[in-house]
Structure formats: structure tokens, C-alpha cells
Amino acid sequence: MAVPKKRTSKAKRNMRRAHDAITAPNVIVEADGTVRRPHRLNLETGVYRGRQVLKTDDNTTEAE
């Protein structure tokens, strides 16, 4: 069984844990006030990168 020869210092321990912090997810607020994650389709409006890609109840047109 592997047993450490020396005790890990507080500095080394904290450096290892530097990447473990929890961050809030990124969100993008559209011009109409809806919120979506980056690089994802807005399911409420059916718009992706400024183009209509899904039919919704409000919009009856579909992009190529």
C-alpha cells in the first residue's frame, strides 16, 4: 500500500484544489429578454445565431 513519506503542506494541498471551485453557468440574455446557454438553440423562440431554425407557435417560417 502506498503511504506518503512526508506530510503534504497547506500550500501544495491548496494549489491542487485551486481548480475545484464551483462556478455559475454562463447565460446569455437575448434582445427579447429570454435567457439561454451559449452555443445552444433558444427553444422558446426557435432562433439560433440570429436565424430562425425551428418552427414555433408564433413563427410559421423555417430557415433553410
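Student: Is Glu-30 buried, exposed or partly exposed?

Tutor: Glu-30 is partly exposed, with a relative accessible area of 27%. Buried means under 20% relative accessible area, exposed over 50%, and partly exposed in between, with a 1.4 Å probe and protein chains only.

Student: What am I looking at, and how is it numbered?

Tutor: This is a predicted model, where local features need pLDDT of at least 70, side-chain atom pairs count only at pLDDT 80 or more, and totals for chains, interfaces and linings use all residues. Residues are numbered from 1 along each chain as its sequence is written, and side-chain values use heavy atoms, leaving out hydrogens and water.

Student: OK. Where does Glu-30 lie?

Tutor: Glu-30 is in the loop between β1 (28-29) and β2. Helices (H or I, at least four residues) and strands (E, at least two) are DSSP runs, numbered from the N terminus.

Student: Which residues does Glu-30 touch, leaving out those up to four places away in sequence?

Tutor: Arg-36 and Asn-42. Contact means heavy atoms within 4.5 Å.

Student: What does Glu-30 form with Arg-36?

Tutor: A salt bridge, with the closest N and O atoms 2.3 Å apart. The rule asks for a side-chain nitrogen of Lys or Arg within 4 Å of a carboxyl oxygen of Asp or Glu. By that rule the count comes to one salt bridge.

Student: And is Arg-36 buried or exposed?

Tutor: Arg-36 counts as buried, at 16% relative accessibility.

Student: How far is Glu-30 from Gly-50?

Tutor: They are 10.0 Å apart in space, C-alpha to C-alpha, and 20 residues apart in sequence.

Student: Zoom out. How many helices and strands are in the protein chain?

Tutor: One helix and four strands. From the N terminus, the order is α-β-β-β-β.

Student: What share of the residues is buried?

Tutor: Buried residues make up 11% of the 64 residues in the protein chain. Take the contacts with a separation of 6 or more: residues 24 or more positions apart account for 0% of them.

Student: What does the accessible surface come to?

Tutor: About 6300 Å², of which 52% belongs to carbon and sulfur atoms. Areas come from the Shrake-Rupley method with a 1.4 Å probe; for residues, only the protein chains shown count as cover.

Student: Which residues form the nonpolar patch on the surface?

Tutor: Leu-41, Leu-43, Tyr-48, Val-53 and Leu-54, with about 400 Å² of accessible area together. Patches take residues with over 30% relative accessible area and no salt bridge; nonpolar side chains (Val, Leu, Ile, Met, Phe, Trp, Tyr) are joined within 5 Å, like charges within 9 Å. Leu-43 is in the loop between β2 (35-36) and β3 (47-48). Leu-43 is exposed, at 66% relative accessible area.

Student: Which residues gather in the patch of positive charge?

Tutor: Arg-7, Lys-10, Arg-13, Arg-16 and Arg-17. Lys and Arg count as positive, Asp and Glu as negative; His and the chain ends are not counted. A charge is placed at NZ of Lys, CZ of Arg, CG of Asp or CD of Glu. Arg-7 is in the segment before α1 (10-16), and is exposed at 81%.

Student: Last topic, backbone. What is the phi of His-39?

Tutor: Positive, about 65 degrees, although His-39 is not a glycine. Most residues other than glycine have a negative phi. His-39 is in the loop between β2 and β3, exposed at 69%.

Student: And what about the phi of Arg-49?

Tutor: Arg-49 has a positive phi of about 55 degrees. Arg-49 lies in the loop between β3 and β4 (51-52) and counts as exposed, at 71% relative accessibility.
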